[in-house]
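Good morning, and thank you for joining this group meeting. Please look at the sequence and the structure while I go through several of their parts in turn.

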Amino acid sequence: MRYLAWFALPLCAALLTACLLPAWWLCWPCAIAALLLLMIVYLRKSERCRKGVLLFCGAAVGFCWFGLYLALCVRPALALDGVTTAFIAEVTSEVTENDYGTVVDLRLCSDGREGIRTRAYLSTWYGTLEPGDVLTGTAKFTSVFTMERDRMSSYTEDGIFLAADAEIDSAYVSNSVPLHSIPAQIGRRLKDQIAHFFDGDEAAVLRGLLTGDKTRLSEFLYTCFRRAGIAHLLAVSGLHVGFLAGLVYLLPGPRRRKAFVAIPVMIGFALMTGGQSSVWRAVVMGSLLLIAPLFQRETDPLTSLAFALALLLIPAPYSSLNIGLQLSFAATAGLVCYGSPLYRWMMRPVGGKKFRAGKRRVFRRVWSAIAGGLSTSCAALIFTLPLTAWYFGTVSLVGPLVNLLVVWAASLAFGLGLIGCSLGALCPAIGSAFAVPTRLLLRWIIAVSKWMGSLRYSALRLDNFYLKVWFAFLLAVLALMIAVRSAPGRPLLPTGAVLSLLALALALRMASLSGVPFCVSALDVGQGACTVFSSDGAYAAVDCGGSEAGDVLADYIQSGGASRLSVLILTHYDDDHVNGVEELLARIPVEVLILPGETESTDARQEIEELARAHGCRVERLLTDCMDITLGRARLTVYPPVSEGTDNASCLSVLGTWQSHAVLVTGDLGQEQERILLEQFDLPRLDVLMVGHHGSSGSTSAALLAELSPRAAVISVGNNGYGLPAPETLRALADYHCEQYRTDRNGTVTFRFR
């Protein structure tokens, strides 16, 4: 590793550390400490201390730069935090549509605020806005530092520190496209061409493959890609830059000159796809690797990686918190450090002379291609496994195999799709001709991802003690193998141990969930709700909404040894209670779906009923009568809506009982509806109350708590901007001596009654 890496890596580490500090001013004491250590090492004047000097110098520069970055870039923007004011701004990105209107990035042009960037949320859809257009209006600005870290990093990596709820008074169309907006315009035209030549899932996958835009993918298909370990194909990264550079090198002409074509093409591609950090990392590394031979310099991938990371973090230190950047650099570090050793180890069985001639030579070439794909996937997983487990709680078991099956097709689809859509703008016939083979490749990718991603154990969700122990053992084995650098052949023993422990963990998990007379779990689905009742291996669920709720629920049921869901009850049609239904129905069979029996049909109800019938699920609507359901040895009682009006007011309620134990789910019922529920039905004392409306102050009345005396209360809640759970609700639960659990803090909460 060269001296540049000894400076760049501690600089990047200092920037990441500064971003994680509890107070911004702490970066200056850290900088002083690094400078003191630098002076101590320098004064020793030893040749061996040269790298130490570079190390502490990089750390000091990193902390000092972060302090200056705060003063120059962050604080001027945060001066608008909480301010409602008129503004003039230029559109700097392509507009996107969400459930409430338009999302667009703006650069303020008002006096004294020039250059400050904000992400604006508009209550109306402005689909015709283009980069370079000028908007005037009124906005309320909010600091992004009040958001959870994952969401905050999606703003700060682009140098945006303010979100704005804006109302537009006027929009002026730019007569000429600003130079910096041209790549974004090209990206938009490319998406239009994709929509012209492709449709359905094929268009959505190609859109992700070429531009990194996943907004058109269905939840089910994206879940399949993620479970199969190939979601990285839909996030533009170094793999795509490699595809693009490969296309350039297929052009005729001297190889040395192609570097001067490939580099600007890669830069243009990075700008066109939104300048994502993973793409810039690949562009910087690729450019260094292409330029080095032209100047008779040796290439050093690790130094290039460190230099690329420093170039990305210096203009945007907060991008170090971005999950995509961390995964991208971790995967590349794995490839740099262990890609070649793994490949050589896999090639040793066919390395003899007898495999270099005749028919065995063909076998060697085939095995070389397989070994290349597997070694690449496994090397990338070495450093990304801990990150994916930490951030997503899921580990794909089939990732290396699926990558081997589809990466070659993705490479061809990328090249043919890009050429076809580009030339199709000039001659539609050419675009149609290229679309035919591209469509076949996309169908192969989709088919493999759906097949492999739908397998029961294609991915493991680490929401169980036994699986967490197994994963910790896996990481320990990997760390030991890296530290010891075991000889070829020795990985077979630890691999066998890892697989054996995995089988044991799965068996123990299945045993812990099956055969229990009565069990209830509040699944961790973020800001949503999903409660599961089970008894003797039979499962019923109440609501299925939140973050990846359908996938979480399907994993929970399958990991308990079941292959289907007996009953799904939806208390009402709010998105955070039903948005996982489509994904759930695509993953596992559901026998019966119970819905609130509204007298008038709504779009949400019609959509859910059509989905259910398409998957062979019987639909029943509950309007006035109770419904009793036998679930193993337990019983579920579904209470009808007790009043009319909003979705919340006309919720279903569900009581699960076994022997003397009882659990109540009230959905989003308000306190008035809770009072009517208590008057109309004879409810028992509760072991567990699933707190209504995610802990809102409008639910969980004192009357309900006094009447039912729950011993424990579970609040299904995630990060939200509504102030949930409300302090009043938490105080009320404490006053009635309820043991409190929250899915945002405790994860999935499970009660087993025996």
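Two strands are said to pair if DSSP finds at least two bridges between them. The strands themselves (E, at least two residues) and the helices (H or I, at least four residues) are DSSP runs, numbered from the N terminus. What we have here is a predicted model, in which local features need pLDDT of at least 70 and side-chain atom pairs count only at pLDDT 80 or more, while totals for chains, interfaces and linings use all residues. Residues are numbered from 1 along each chain as its sequence is written, and side-chain values use heavy atoms, with hydrogens and water left out.

I begin with the sheet. Seven strands form an open sheet with mixed pairing, in the order β15-β16-β17-β18-β19-β20-β21. The edges are held by β15 (627-631) and β21 (739-742), each with a single partner strand, so one side of each is left without a neighbour in the sheet. Direction ignored, neighbouring strands are turned by 20 degrees against each other on average. Here, axes are lines fitted to C-alpha atoms, for helices over the stretch in contact, and angles run from 0 to 180 degrees between N-to-C directions. Strand β15 runs antiparallel to β16 (residues 634-639), and five bridges join the two. In this pair, Leu631 stands opposite Ala634 of β16. Helix α24 (residues 727-735) packs on the sheet, where it touches β20 (712-715) and β21, and its direction makes about 145 degrees with that of β21. Contact, throughout this talk, means heavy atoms within 4.5 Å.

Val619 belongs to β14 (residues 618-622). Which residues does Val619 contact, leaving aside its neighbours within four places in sequence? They are Leu593, Leu595, Glu609 and Ala612. Val619 and Glu609 are 10 residues apart in sequence, and their C-alpha atoms are 6.9 Å apart in space.

I turn now to helix α15 (residues 428-453), which packs with α7 (residues 219-227) at an angle of about 75 degrees, the axes being 8 Å apart. The two are therefore roughly perpendicular, a term that covers angles of 65 to 115 degrees. Helix α7 contributes Phe220, Leu221, Cys224, Phe225 and Arg227, and α15 contributes Ile445, Ile446, Ser449, Lys450 and Gly453. These residues divide into six nonpolar, two polar and two charged. In that division, Ala, Val, Leu, Ile, Met, Phe, Trp, Tyr, Cys and Pro count as nonpolar, Asp, Glu, Lys and Arg as charged, and the others, Gly among them, as polar.

Helix α6 (residues 200-211) also meets α15: their axes come within 10 Å and cross at roughly 90 degrees. On the α6 side the contact is made by Asp201, Glu202, Val205 and Leu206, and on the α15 side by Thr438, Arg439, Leu442, Arg443, Ile446 and Lys450. By class, this contact has four nonpolar, one polar and five charged residues.

Finally, the cavities. On a 1 Å grid over the protein atoms alone, a cavity is a set of points where a 1.4 Å probe fits but cannot get out, and lining residues have an atom within 4 Å of a point. Grid points are joined across faces, edges and corners, and a volume is the space filled by probe spheres set on the points. How many cavities of 30 Å³ or more does a search of the whole structure find? The search finds three.

Conventions: Angles under 35 degrees count as roughly parallel, over 145 as roughly antiparallel, 65 to 115 as roughly perpendicular and the rest as oblique. On a 1 Å grid over the protein atoms alone, a cavity is a set of points where a 1.4 Å probe fits but cannot get out, and a pocket is an open set with protein on both sides within 12 Å along at least five of seven lines; lining residues have an atom within 4 Å of a point.
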